[in-house]
Amino acid sequence: MSMNENRPPPDWVGDVSVGVDAWTRRSSAPGTAAPPPDTVAQVPEADPEAVARKILLDQLTGQARTRKELADKLAAKNVPGDLAARLLDRFEEVGLIDDEAFARAWIASRGATRSDVGRRLAKRALAQELHRKGVANEVAREALDEIDPDDEAAAARGLVRAKLRSVERVDDVKATRRLVGMLARKGYGSGLAFAVVREELANAGREAVDEE
């Protein structure tokens, strides 16, 4: 066979579709190799439920998540709502999703018993975080009610003691304002915050000044 026989027919020039048709006919002729199969077209479509289930399992690997967080993730992946709801219900049935347990674990890791004193949060701040996580108010309230008020007061004292050195060079008014403000940002109520600041400043030989 000469080299000319391997060339596409002249009418292929300038018309891709004609060239493809000519090449296909030539390749199907006796003694010529058939074009390779389209392997992409042979790949079956992924099962939507299997894909959604994998998304959930991947999200739950290494950490717990709330139902709302997982629902938002499925929605972002365009999982149909009815399929998402069915899978989320099933995951709740087998205990892979448990907002009550999530709330308690979150409080333990962020609240009064946290080992890192400077990162401890009070009930109000924890309630806001749980709300953002999608935990129902009633579920969050039940978990938050388990916090011992004495533990919360002790956590507030620990926060103030850790910050006393930073206000050594300011007067009592500024020291009071800064310490009470710090506790407020952590979610502590004004009554508890001022009581703790007054107690800790007195222990340091200083006096808390109520500007009100």
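1. Thr 66 is found in the loop between helix H3 (48-60) and H4, where helices (H or I, at least four residues) and strands (E, at least two) are DSSP runs numbered from the N terminus. This is a predicted model, in which local features need pLDDT of at least 70 and side-chain atom pairs count only at pLDDT 80 or more, whereas totals for chains, interfaces and linings use all residues. Residues are numbered from 1 along each chain as its sequence is written, and side-chain values use heavy atoms, with hydrogens and water left out.

2. Thr 66 counts as buried, at 0% relative accessibility; buried means under 20% relative accessible area, exposed over 50%, and partly exposed in between (1.4 Å probe, protein chains only). Leaving aside residues up to four places away in sequence, Thr 66 touches Ile 97, Asp 99, Phe 102, Lys 133 and Val 135, a contact being heavy atoms within 4.5 Å.

3. On the overall make-up, the secondary structure of the protein chain comes to 11 helices and zero strands. Of its 212 residues, 31% count as buried, and among the contacts with a separation of 6 or more, 57% are accounted for by residues 24 or more positions apart.

4. Phe 102, one of the residues that Thr 66 touches, is itself buried, with a relative accessible area of 8%. A pair of aromatic rings is described by the distance of the centres and the angle of the planes. Rings of Phe, Tyr and Trp (its six-membered ring) pair if their centres lie within 6.5 Å, and planes under 30 degrees apart count as stacked, over 60 as edge-to-face and the rest as tilted. By this rule the count comes to one aromatic pair, formed by Phe 102 and Trp 106, which is stacked at 5.7 Å centre to centre with 15° between the planes. Both residues lie in helix H6 (residues 99-110), four residues apart, about one turn of the helix.

5. H6 also gives the largest share of the lining of the second largest pocket, namely three residues.

6. Helix H9 (residues 149-163) has 15 residues and reaches 22 Å from its first C-alpha to its last, close to the 21 Å expected at 1.5 Å a residue; the expected span is 1.5 Å times one less than the number of residues. The buried residues in H9 are Glu 152, Ala 153, Ala 155, Ala 156, Gly 158, Leu 159 and Val 160, and what covers them includes helix H7 (123-132), helix H10 (172-185) and helix H11 (190-203).

7. Asn 78 has a positive phi of about 65° although it is not a glycine. This residue lies in the loop between helix H4 (67-76) and helix H5 (81-93), and at 67% relative accessibility Asn 78 counts as exposed.

8. Gly 81, in helix H5, is exposed with a relative accessible area of 55%, and lies 8.8 Å from Ala 71, C-alpha to C-alpha, at 10 residues apart in sequence. Asn 137, in helix H8 (residues 137-144), counts as partly exposed at 49% relative accessibility, and its C-alpha is 8.2 Å from that of Ala 127, 10 residues apart in sequence. Ala 195, in helix H11, is partly exposed with a relative accessible area of 30%, and its C-alpha is separated by 9.3 Å from that of Val 180, 15 residues apart along the chain.
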